[in-house]
Amino acid sequence: MSFIVDRRLNGRHKSTINRQRFLKRYREHIREAVNDAVNQRSIRDMQRGERIVIPRKDLSEPQFHHGPGGRRSVVHPGNREFQQGDTITRPPGGGAGDGGQASNQGEGLDDFAFELDPREFLNFLFEGLALPNLIKRQLQGESSYRAVHGGIVSEGNPSKINIVRSMRQASMRRRALGAASRRQLGELKAEQAALLEQEQSPERQARLAELGELIARREGRVSRIPFLDTVDLRYNHTIRQPVPVSRAVMFCIMDVSGSMNQEMKELAKRFFLLLFLFLQRNYTHTEIVFIRHHTSAKEVDEQEFFYSRETGGTIVSSALKLTSDIIRERYPEDEWNIYTAQASDGDNWNDDSPTCVRILREELLPKMQYFAYVEIMPRRHQALWDSYMQVHLQHPNAFALQQIDGPEDIYPVFRELFRQRMEEHTP
Amino acid sequence: MSEPVRREPLSTSSEWNFDLIQRFDEEIGRIARDKYQLDTFPNQIEVISSEQMMDAYSSVGMPVGYHHWSFGKQFVEVENRYRRGQMGLAYEIVINSNPCIAYLMEENTMTMQALVIAHACYGHNSFFKGNYLFRTWTDASAIIDYLVFARHYIAQCEERHGVEEVERVLDSCHALMNYGVDRYKRPYPISAATEAQRQQERETLLQQQVSELWKTFPEMQPGIRRRKQAQRYPAEPQENLLYFIEKNAPLLEPWQREIVRIVRKMAQYFYPQRQTKVMNEGWATFWHYTLLNDLYDEGLITEGAMLEFLQSHSQVVYQPPFDSQWYSGINPYALGFAMFRDIRRICEAPTEEDRRWFPDIAGSDWLKTLKFAMQSFKDESFIQQFLSPRVIRDMKLFAVLDDDHEDHLEIRAIHDDAGYQTVRQLLSEQYNLSIHEPNIQVFDADIRGDRSLTLQHIRQDRRPLARDRAHDVMRHLYRLWQFDVHLESIEDGRVVERLSIPPKEDSAPQEQ
């Protein structure tokens, strides 16, 4: 006696929870691996999975086992030339000792490697990061709607039929429509039964025949009432409810002046790319404005921002001024959360730095949530850093600055700038 | 045997469908029942995809199980190796339950499905139903119920106490899982509902008992002299570490005790499987071989299918020699299959040698003898009883002695007249779990003193423990016991090594 069941339609991700628990448990290892990976990757392929290697000893589920040593006998198959009493030199690593545990894992014994898929990779990459001070929420845009239950309606999409309500409706209709016929049917049947009790007579026969016909007609009428009619159908209704969303705009300002050499630009690009991925991933309602500057600033598109080659002197304030103009034109500060990330080598014209500080203080910072500045300059600081430091001291929450020496700093600095701050769990 | 009637093959293509599976199952079942009188549980054959097979792998084949990261790790590992083509998935997984659940993978050809049906649904199935270990220690009809209970209970604990807290307890229990087995007592079958109810009763009662055991109140009063420790507790060493912890650990919460119990039950359930690897696989392999040959004799499968079957069969029972790079110990399929075949041969066509070695079974009814062997033994005693010189010769078995006092390894016995007995004895010991696994028992719980727990490892042939792993396991034990734990290695009645958690240097009291 056998039952054959097709289980292929059942969920195939039965192990998902266990897999997630495994990832969670080894979060630290995985984050380290992700960290390394970020620094080694070219800027184009951030959105790829990653092969994670964890030392096997950290993963062990320990059990009591015999260690090497002592006196043991092991039976092996496939003897060729040995005779009883032969002695042979001990193979290195005690290979002949414990055939079971040690060798069946093969060469993969040292490390435990597995693939993270792209989504998991980015999850780890941006875990615990957020745009700071995200406070302004507005009703805005078409996509900021949420579907909620809106009761039961009589017209709708077949996929939304409410079966219980439809059947109840049908049952009510059948009862109502059939009520008169059924009542008459009852009366007729009662009369028929009474007649059948009586003595035989021609009138009785005639009446009985008539009754039979009437009963058949009534029964036909009841049975013709449809079990389910289109008027019975009821549908679940959903209505779209607008939800307040927070909108954010991020200004990415990159210095492309002559003092920025190729390597420094590469670092800046990497930093922005990380930022770009982060914003794209975490905030659907985030706009990004790309600004590049040398002596004059220009708003550009993504492609040009990352890949075009152009160069010149350095006036940082030009970029800040342009930012300020764009904010005034397109992003009224009462509707938008405004962020800026700036990357530069800090090699600004000396008399320009005070201008920058003034623009920041008077025009930008009052309207802005957060301004992050990265200086890409090995070892020493440049003129702009000192000026910006003053701003930082005055506005420690809204203005942050960090320095990047080499590729290995990018990710830590990025994490530092956009770390989720404890007090910022706004509802 | 009379010439069977040739019939039309059931299928000539390698594609399978549900009708075909059913017809094959009927035919195989008919032969197994009518010709060989195999007694089986009803079968539930489930067709699954390869991904589902990986899921099944990582949960030891159990259809429901509690959540734990180690299963996730296993899944990741299996998935990885499968994706990179380093390993094929097993053709089948079969669960010792009633009905007996067997998984067929959709990628297999019809021939392979037939092989799996014969192997799992009639081979393993009849083994589960017949072997004395499974009959005494597992209850096929209750296991699924119990798994459901365990999963719900652990999920509930996670909700109440947090995933991490529960995970910690499970980790510690898993480390001691091999020592959570009752070797002599027999558990009784109960349903999920009764189990849940029992659990609550147990919870209150157990806590009471433990409190009783650890009550120190009278001694704390001044003037009353501390009682002399009259006796060790437990009076006899206990081999079931998890049981001892469940009943005696001083500070565990009731729910933690229940988790210890769940892990212990799982260990108990798998214990017979660990003891009958060779027999179980050998029996199933013997029957798929026999049943498919019968199908072929009746003309129900084509010659092409038979060739395909023979090819994968010979892969399954291939034993690489000890110096091959593929060698990883003795293949239980190969050894078991060879032994069951040989028992049949001894019954049907005994030689002079067989009559000398096996006077009882030589020339007897092979089916009866085979079933007797299947029902009444475990690997260790099965080999001890039935490993014939012929099999030793065929497999060219030899025994190597590795003594760390000597510079060289010594060949103790080979496949010759002088060696058969020794090889058989040593191979049998190799499958004796109590020799294979370190012999560790609860020796003393200092219930009147510092509440420390002492385990003893009785060394056999001077074999030490793998120290760093033992250290990790002891830390898990410490987490459950929550007072000092010691592990003493005993050799010739003397303590030769001592391992303490926390380490002896800082012997400050570790109250929690």
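Me: Over how many bridges do β6(B) and strand β7 (residues 453-458) of chain B pair, and in which sense?

Reply: The model is predicted: local features need pLDDT of at least 70 and side-chain atom pairs count only at pLDDT 80 or more, while totals for chains, interfaces and linings use all residues. Residues are numbered from 1 along each chain as its sequence is written, with chains lettered from A and ligands numbered from 1 in the order in which they are written. Strands (E, at least two residues) and helices (H or I, at least four) are DSSP runs numbered from the N terminus, and two strands pair if DSSP finds at least two bridges between them. For β6(B) and β7(B) the sense is antiparallel, and the count is 6 bridges.

Me: In β7(B), what is the bridge partner of D444(B)?

Reply: The pairing of β6(B) with β7(B) is antiparallel. Within β7(B), the residue bridged to D444(B) is T454(B).

Me: Which strands are the edge strands of the open sheet with mixed pairing in chain B?

Reply: This sheet has 4 strands in the order β6-β7-β8-β9. The twist averages 25° from one strand to the next, where axes are lines fitted to C-alpha atoms, for helices over the stretch in contact, and angles run from 0 to 180 degrees between N-to-C directions. The strands that pair on one side only are β6 (439-445) and β9 (494-501) of chain B.

Me: Why is one side of β3 and of β4 of chain A left without a neighbour in the sheet?

Reply: The open sheet concerned has 4 strands, ordered β3(A)-β4(B)-β5(B)-β4(A), with antiparallel pairing. Its neighbouring strands are turned by 30° against each other on average, direction ignored. β3 (71-76) and β4 of chain A stand at the edges, so the reason is that each has a single partner strand.

Me: In β5(B), what is the bridge partner of I88(A)?

Reply: Strand β4 (residues 87-89) of chain A and strand β5 (residues 408-413) of chain B run antiparallel and are joined by 3 bridges. Strand β4 (residues 398-403) of chain B is also joined to β5(B) by 3 bridges, and there A399(B) has A413(B) as its partner. For I88(A), the partner is L409(B).

Me: Which helix packs on this sheet, touching β3 of chain A?

Reply: The helix also touches β4 and β5 of chain B. Its direction makes about 105° with that of β3(A). It is α19 (residues 420-430) of chain B.

Me: Which helix gives the largest share of the side of chain B that touches chain A?

Reply: Counting residues as in contact if their C-beta atoms, placed from the backbone, lie within 7 Å, 78 residues of chain B meet 56 residues of chain A. The largest share is 8 residues, from helix α3 (residues 69-83) of chain B.

Me: Is I4(A) buried, partly exposed or exposed?

Reply: I4(A) lies in strand β1 (residues 2-6) of chain A and touches F18(B), I21(B), Q22(B) and I45(B), not counting residues up to four places away in sequence. A residue is buried if 20 or more other C-beta atoms, placed from the backbone, lie within 10 Å of its own, exposed if 12 or fewer, and partly exposed in between. With 16 other C-beta atoms within 10 Å, I4(A) is partly exposed.

Me: What percentage of the 512 residues in chain B is buried?

Reply: Chain B has 21 helices and 9 strands. For chain A, with 427 residues, the buried part is 27%. For chain B the value is 43%.

Terms used
Two residues are in contact if their C-beta atoms, placed from the backbone, lie within 7 Å.
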